Amino acid sequence: MDVDSKDNGTQVATTPDVARTGTHPAPLGTIPTQRSRTGLAGAGGGRTRRTWFVVAGGLALVMAGATTGVAAQQAAAAREEQRAEARLRVSSVLPVAAQDVRVAGALDSQAVSAVYGATRAAAAASAQQTVDQANATLAASPQAGDAPLVALQGAAGAVSTAIAGPNVSVAALRTAAAGVAAPQQAVVDAQAAWVAAEQARIAAEQAAAAEAARQAAARAATKTTVRPKTSRGTTTSPQPSGGSAPAAPAPGGVPAGGKVCQGSGGAASEASAGAIGDAINAYRSANGLGTLSVSRSGGLTSHALDMAATGGIWHSGSDNIVGCVSNGSASSLVSAWSNSSGHNAQMLRTDVSSMSVGAGSSAGWLFGAVRFS
């Protein structure tokens, strides 16, 4: 290092650069002048301003990098804290959500059970109505025939069994109820056919009876004989089973072998055959015997009308017993028959199961004719 002296007497140490360039470095703590565009130093020499700023910029970058690193760490910590809080919230919500799912499932199951229970109850009520209707049809159709009645009873019984079964499905219950319709209709049709046939038969018998009454009235109008007095309750001898040919009527009066019912005769009308049959059955029951089925006979009704119009009784060949009583009472007629051993034996027969009856009346008298079979 060289020592240079100034005019003021101060010595300054110089570096070799000073010796080479003839310039002095900038004093410590001063700001270097900016280098020109040509790269020459400004007045006074020393380091350029660009060099100074490079150093300062590097320091700023270091400081900025340090600041940025701290901020990133803080942001990462904040994010981790947020994630931890989120996990905590999720972990606290999950059990409640799972419980909600279980509760919702239970409620759904209860709702399904309630709906199914209501549906089955409605199906059972409808099926019971079907059974009730079938039973009503059975009660109203006694003449429908054995086969249709048995089929309907079986179908209705199957529905009753399905209703009582706790594990029978709604579909099976509805299927069983639907199976009643066909046999029920068959019973209704069969009963209707029987009723139609019976009405036709009754109409035919009534027409025949009306014709017989007309003929009897015509005969009565031409009668000229005087009838002898007889008892007020009269019967003829009982006709044997199987009957015999009717006696020939006397002109204008009771046939030979018949009996006169004094005070009767003239206009005749049909009386209740059922009342006579019921009275005979009551008498049989009083004697320890079973009752017989009762049916109205057109032929016997015609004969009873003939007797009522003529005013006497006789066998027609189709009856077992005939009789007349003045008070018009069926029980009185049965009582008159019971006073005759032959007639009484006929009413108490044990080899028969039914009776056919015809009845007529005139002038308050009741005339009856009965055949046992």
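## Contact between α6 and α8

In this predicted model, Ala 275, Ile 276, Ala 279, Ile 280 and Tyr 283 on the α6 side meet Ala 330, Ser 331, Leu 333, Val 334, Trp 337 and Ser 338 on the α8 side. Sorted by class, the contact of α6 with α8 comprises nine nonpolar residues and two polar ones, with no charged residues.

As for the geometry of this pair, the axes of helix α6, which covers residues 273–286, and helix α8, which covers residues 330–338, come within 8 Å and cross at roughly 50°. The crossing in which α6 passes α8 is right-handed.

## The disulfide

How many disulfides does the structure hold? The structure holds one, and this disulfide joins Cys 261 to Cys 324 with an S to S distance of 2.0 Å. Cys 261 lies in the loop between β4 (259–260) and β5 (269–270), whereas Cys 324 belongs to strand β8 (residues 321–325), so the pair ties together parts that are 63 residues apart in sequence.

The torsion about the S-S bond of Cys 261 and Cys 324 is about -95°, and the disulfide is therefore left-handed. Are the two cysteines buried or exposed? Cys 261 counts as buried because its relative accessibility is 0%, and Cys 324, also at 0% relative accessibility, counts as buried as well.

## Backbone at Ala 363

Most residues other than glycine have a negative phi. Against that background, Ala 363 has a positive phi of about 55°, although this residue is not a glycine.

Where does Ala 363 lie? Ala 363 is placed in the loop between β9 (354–362) and β10 (365–372), and, with a relative accessibility of 53%, Ala 363 counts as exposed, because the cut-off for that class is over 50%.

Thr 137 is found in helix α2, which spans residues 49–140. With a relative accessible area of 11%, Thr 137 is buried, because buried means under 20% relative accessible area.

Which residues does Thr 137 touch, when those up to four places away in sequence are not counted? On that basis, Thr 137 touches Leu 152, Gln 184, Val 187 and Val 188.

Definitions and conventions:
Residues are numbered from 1 along each chain as its sequence is written. This is a predicted model: local features need pLDDT of at least 70, side-chain atom pairs count only at pLDDT 80 or more; totals for chains, interfaces and linings use all residues. Side-chain values use heavy atoms; hydrogens and water are left out. Helices (H or I, at least four residues) and strands (E, at least two) are DSSP runs, numbered from the N terminus. Buried means under 20% relative accessible area, exposed over 50%, partly exposed in between (1.4 Å probe, protein chains only). Contact means heavy atoms within 4.5 Å. A disulfide is a pair of cysteine sulfur atoms within 2.5 Å. Axes are lines fitted to C-alpha atoms, for helices over the stretch in contact, and angles run from 0 to 180 degrees between N-to-C directions. A crossing is left-handed if the near helix is turned anticlockwise from the far one by less than a right angle, and right-handed if clockwise. Ala, Val, Leu, Ile, Met, Phe, Trp, Tyr, Cys and Pro count as nonpolar, Asp, Glu, Lys and Arg as charged, and the others, Gly among them, as polar.
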